Amino acid sequence: MSETTQRNQSEPSVKSSSSEDQRKPSGGRRGGGDPSVRGRTTIADGVVEKIAGLAARDVLGVHAMGSGMSRTFGAVRDRVPGGTKSVSRGVKAEVGEVQTALDLEIVVDYGVSISDVARDVRENVISAVERMTGLEVVEVNIAVSDVKLPDEEDEEPESRLQ
């Protein structure tokens with residue numbers, strides 16, 4: 001038997017009435033192989049920064065994110081009508097195809113163990129970023145830029161509107 005005859009006998013025959021039907025594979029599936037490898041997914045730095053910022057703020061002992069200057073500018077921006085609070089303030093991410101590295105700047109509450117807060121922030125950020133993005137977090141660098149004393153006023157005053 002020829003090669004063509006052998007192939008035709010081993011494959012089920014498909015009847016089609018148009019050339020469009022000939023391009024569709026049988027079985028109701030389009031394309032072939034694993035759907036997870038059909039195309040690329042890219043994740044922007046800002047997406048990882050938001051996830052990390054929210055995860056860091058969830059840790060007990062973190063008073064604020066960012067340096068004094070960025071918090072001051074953020075407070076002004078928050079007062080502008082239509083302005084939104086920046087959840088990525090104090091976070092810088094470098095995102096590759098499969099890995100990411102993060103730098104966080106935090107303000108801690110007075111009286112807490114800075115090393116414990118830094119460890120908890122690192123754990124929470126790594127867990128959230130890896131779970132939500134699938135990226136491997138290779139490092140989380142934390143800079144503590146200030147300590148919030150109990151008698152200090154917040155740099156971001158409450159809104160006068162109620």
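This is a predicted model: local features need pLDDT of at least 70, side-chain atom pairs count only at pLDDT 80 or more; totals for chains, interfaces and linings use all residues.

Trainee: OK, so which hand is the crossing of α3 and α5?
Mentor: Right-handed. Helices here are DSSP runs of H or I with at least four residues, strands are E runs of at least two, and both are numbered from the N terminus.

Trainee: And at what angle do the axes of α3 and α5 cross?
Mentor: Roughly 140°, with the axes of α3 (residues 45-57) and α5 (residues 114-133) coming within 8 Å. That makes α3 oblique to α5, because angles under 35 degrees count as roughly parallel, over 145 as roughly antiparallel, 65 to 115 as roughly perpendicular and the rest as oblique. The axes are lines fitted to C-alpha atoms, for helices over the stretch in contact, and angles run from 0 to 180 degrees between N-to-C directions.

Trainee: Which residues make the contact?
Mentor: On α3, Val48, Ile51, Ala52, Ala55 and Ala56; on α5, Val121, Asn124, Val125, Ala128, Val129, Met132 and Thr133. Contact means heavy atoms within 4.5 Å.

Trainee: How many of them are nonpolar?
Mentor: The contact of α3 with α5 has 10 nonpolar residues, two polar and no charged ones. Nonpolar covers Ala, Val, Leu, Ile, Met, Phe, Trp, Tyr, Cys and Pro; Asp, Glu, Lys and Arg are charged, and the others, Gly among them, are polar.

Trainee: Is Val125 buried or exposed?
Mentor: Buried, at a relative accessible area of 0%. The cut-offs are under 20% for buried and over 50% for exposed, with partly exposed in between (1.4 Å probe, protein chains only). Not counting residues up to four places away in sequence, Val125 touches Ala52, Ala55, Ala56, Leu102, Leu104 and Val140. Its C-alpha atom is 7.9 Å from that of Gly53, 72 residues apart along the chain.

Trainee: Switching topic, where does Gly90 lie?
Mentor: In the loop between α4 (68-79) and β2 (91-95). Gly90 is partly exposed at 21%. Leaving aside neighbours within four places in sequence, Gly90 is in contact with Met65, Gly66, Asp103, Leu104 and Glu105.

Trainee: Now the big picture. In what order do the elements run from the N terminus?
Mentor: They go α-α-α-β-α-β-β-α-β, which comes to five helices and four strands.

Trainee: And what share of the residues is buried?
Mentor: 23% of the 162 residues. As for contacts with a separation of 6 or more, 71% are between residues 24 or more positions apart.

Definitions and conventions: Residues are numbered from 1 along each chain as its sequence is written. Side-chain values use heavy atoms; hydrogens and water are left out. A crossing is left-handed if the near helix is turned anticlockwise from the far one by less than a right angle, and right-handed if clockwise.
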